[in-house]
Amino acid sequence: QVQLVESGGGLVQAGGSLRLSCAASGRTFSDYAMGWFRHAPGKERELVSAISMRGANTYSADDVKGRFTISRDSANHTVYLQMNSLKPEDTAVYYCALRPTGWGMKGYDFWGQGTQVTVSS
């Protein structure tokens, strides 16, 4: 199995920054992707950003482009999400997820426990 351990959430004022981290352990895969999803109350879960852990593919949702940056440490199976210029509408539970069959924006089979990000106005 795969374990995903997230850290870095918290409470921040609008305009502030947070950095989320997610470390994967357990099974290994020849090619896989990791992503950050978020789920806000009353809204559907959405993919915020994703990155290929072997190749060069990345994705960021339109409303976070220019503010959020996803990066990786492939050797340590870790992905980061640097979130700058945070807005109240970024408030959500953020989940790390792993897609075990290479790059894509669906098919994330393994999930972390989630970390709360709250942005106050």
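**Why these labels?**

Q: Why does H77 count as partly exposed?
A: This is a predicted model, and in it H77 has a relative accessibility of 26%. Buried would need under 20% and exposed over 50%, so at 26% H77 ends up partly exposed.

Q: Where is H77, and what stands out about its phi?
A: H77 sits in the loop between β7 (68-73) and β8 (78-83). Its phi is near 55°, a positive value in a residue other than glycine.

Q: What makes S85 buried, exposed or partly exposed?
A: The relative accessible area of S85 is 41%. The in-between class runs from 20% to 50%, so S85 is partly exposed. S85 belongs to the loop between β8 and β9 (92-99), and here too phi is positive in a residue other than glycine, near 50°.

Q: How do you know whether S52 is buried or exposed?
A: S52 comes in at 3% relative accessibility. Buried means under 20%, so S52 counts as buried.

Q: What surrounds S52, and which strand holds it?
A: S52 is part of strand β5 (residues 46-52). Leaving out residues up to four places away in sequence, S52 touches D31, Y32, A33, N57, R72 and W103. Take W103: it is 51 residues from S52 along the chain, yet their C-alpha atoms are separated by 5.6 Å.

Q: What makes E46 and R38 a salt bridge?
A: Their side chains meet at 2.6 Å, N to O. The cut-off is 4 Å, so the pair qualifies.

Q: Why is the contact between K65 and D62 called a salt bridge?
A: The closest N and O atoms are 3.3 Å apart, and the limit is 4 Å, so K65 and D62 pass. Exposed means over 50%; K65 has a relative accessible area of 51% and D62 has 64%, so both are exposed.

Q: How do you know that R67 and D90 pair up, and what does the pair tie together?
A: The side chains of R67 and D90 meet at 2.7 Å, N to O, which is within the 4 Å cut-off. R67 lies in the loop between β6 (58-60) and β7, and D90 in the loop between β8 and β9, so the pair ties together parts that are 23 residues apart in sequence. Both R67 and D90 are buried.

Q: Which residues are linked in a network of salt bridges, and how many salt bridges are there?
A: R38, E46, D63, R67 and D90 are linked in a network. The structure holds 5 salt bridges.

Q: How do you know whether the radius of gyration of the protein chain agrees with a compact globule?
A: For 121 residues, a compact globule would have a value near 14 Å, and the protein chain has 13 Å, so the two agree. Along the principal axes, the C-alpha trace spans about 45 × 25 × 25 Å.

Q: What makes up the secondary structure, and how much of the protein chain is buried?
A: There are 0 helices and 11 strands. Of the 121 residues, 45% count as buried. Residues 24 or more positions apart account for 55% of the contacts with a separation of 6 or more.

Methods. Residues are numbered from 1 along each chain as its sequence is written. This is a predicted model: local features need pLDDT of at least 70, side-chain atom pairs count only at pLDDT 80 or more; totals for chains, interfaces and linings use all residues. Side-chain values use heavy atoms; hydrogens and water are left out. Helices (H or I, at least four residues) and strands (E, at least two) are DSSP runs, numbered from the N terminus. The radius of gyration is taken over C-alpha atoms; the globule rule is 2.2 Å times the number of residues to the power 0.38. Buried means under 20% relative accessible area, exposed over 50%, partly exposed in between (1.4 Å probe, protein chains only). Contact means heavy atoms within 4.5 Å.
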